[in-house]
Amino acid sequence: MGEHGYGGGSPPRAPDGADLLPVAREAAALARRIIAERAPSSVSAKGDRDMVTDVDLAVEEALRDFLGRETPGLGVLGEEGGRTGDGADAPYWVVDPVDGTANLARGIPLCGATVALVQGGTAVAAAIDFPFLGTAYAAAAGVGAYCGDERLRVSGTAEEAAALVSVGDFAVGPGAEAKNRVRLDLLGRLGARVQRIRMLGTAAADLAWTAHGRLDAALILANRPWDTAAGVLLVREAGGAVLDRDGSEHTVDSEATIAVAPGLRDALMAEVKRAYGNL
């Protein structure tokens with residue numbers, strides 16, 4: 001039995017995000033220590049222009065071991081190792097050992113580890129740690145989002161011309177050409193309207209900085225739960241909206257991850273819909 005009472009002998013009781021937030025924070029801190037102390041020594045291809053380092057693998061193994069001890073009744077979905085534990089609607093942890101692997105592999109310090117507890121299709125507790133930036137973020141459903149002890153609020157920007165907007169990476173793998181036509185169309189539309197566009201190479205930073213008000217929106221035309229689940233909760237708890245490409249509320253099953261300050265919601269969603277409409 002883990003110290004948080006999620007035993008493996010029977011289905012876990014419904015988890016409380018605030019109750020398990022310390023576990024998420026500690027898991028992210030564990031990842032930070034490994035990433036900060038261990039430079040990548042091997043990089044392997046795992047798909048079309050996609051990679052994994054020995055650090056990714058070491059961090060995910062450590063996170064699975066830690067979460068298994070602390071909450072043995074809860075499954076884990078990791079980017080590198082897939083999902084373990086109960087399926088269907090059972091609550092589970094989602095971890096990305098290194099979000100921004102390409103940055104890490106090139107010695108670019110913009111990368112982070114994400115940990116989220118998902119229940120009913122959305123995160124109820126989340127932690128993101130950026131080892132080389134010295135910042136850690138956390139949120140729990142109904143409790144708020146924080147950077148350290150600072151309570152986060154999304155920006156109050158309401159004019160496209162004043163907006164700093166991040167855009168997710170270009171697609172790779174099957175169907176990438178069609179998907180990237182949408183991205184190119186969207187970039188052209190945004191470039192003519194917003195103050196600046198950024199492409200950071202890590203959804204964790206896109207979403208955490210939108211929650212922090214450093215960015216006004218993050219338009220990620222993809223949705224891999226290990227990349228986005230934690231950051232989605234941060235944005236929502238900071239007062240922002242997170243939507244799918246069609247404007248519906250974002251879940252782990254959504255096609256896209258559109259995080260935006262309230263004042264820009266209508267304008268930026270219109271740009272996203274026009275880009276998809278031209279596909």
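Modeller: Start at arginine 38, which is partly exposed at 36% relative accessible area. Here, buried means under 20% relative accessible area, exposed means over 50%, and partly exposed lies in between (1.4 Å probe, protein chains only). This is a predicted model: local features need pLDDT of at least 70, side-chain atom pairs count only at pLDDT 80 or more, and totals for chains, interfaces and linings use all residues. Residues are numbered from 1 along each chain as its sequence is written, and side-chain values use heavy atoms, with hydrogens and water left out.

Arginine 38 has a partner. It forms a salt bridge with aspartate 54, and the closest N and O atoms are 3.3 Å apart. The pair ties together parts that are 16 residues apart in sequence, because arginine 38 sits in the loop between α1 (17-37) and β1 (43-47), while aspartate 54 belongs to helix α2 (residues 54-70). Helices (H or I, at least four residues) and strands (E, at least two) are DSSP runs, numbered from the N terminus. Aspartate 54 is buried, at 11% relative accessibility. A salt bridge is a side-chain nitrogen of Lys or Arg within 4 Å of a carboxyl oxygen of Asp or Glu. The structure holds 10 of them.

Now a pair inside a helix. Arginine 181 and glutamate 177 meet in a salt bridge, at 3.9 Å from N to O. They are four residues apart in helix α4 (residues 176-191), so about one helical turn separates them. Arginine 181 is partly exposed, at 46%. Glutamate 177 is exposed, at 64%.

Next, a pair in a loop. The side chains of arginine 245 and glutamate 255 form a salt bridge, 3.3 Å from N to O. Both lie in the loop between β14 (241-243) and β15 (257-260), so the pair ties together parts that are 10 residues apart in sequence. Arginine 245 counts as partly exposed at 29%. Glutamate 255 is exposed, at 53%.

Some charged residues form a network. Arg193, Glu271 and Arg274 are linked by salt bridges. Glutamate 160 is buried but has no salt bridge; arginine 193, the nearest side chain of opposite charge, is 4.7 Å away. For charge, Lys and Arg count as positive and Asp and Glu as negative; His and the chain ends are not counted. Leaving out residues up to four places away in sequence, glutamate 160 touches several others, among them Arg193, Leu268 and Glu271. Contact means heavy atoms within 4.5 Å.

Leucine 219 lies in strand β13 (residues 217-220). It is buried, at 0% relative accessible area. Beyond its neighbours within four places in sequence, its contacts include Val165, Val167, Leu186, Leu190, Ile258 and Val272.

Last, the cysteines. A disulfide is a covalent bond between the sulfur atoms of two cysteines. By the rule used here (a pair of cysteine sulfur atoms within 2.5 Å), the count is zero. The sulfur of cysteine 111 is 16 Å from the closest cysteine sulfur, in cysteine 147, so the gap is too far for a bond. Cysteine 147 is in no disulfide either. Cysteine 111 is buried at 0%, and cysteine 147 is buried at 13%.
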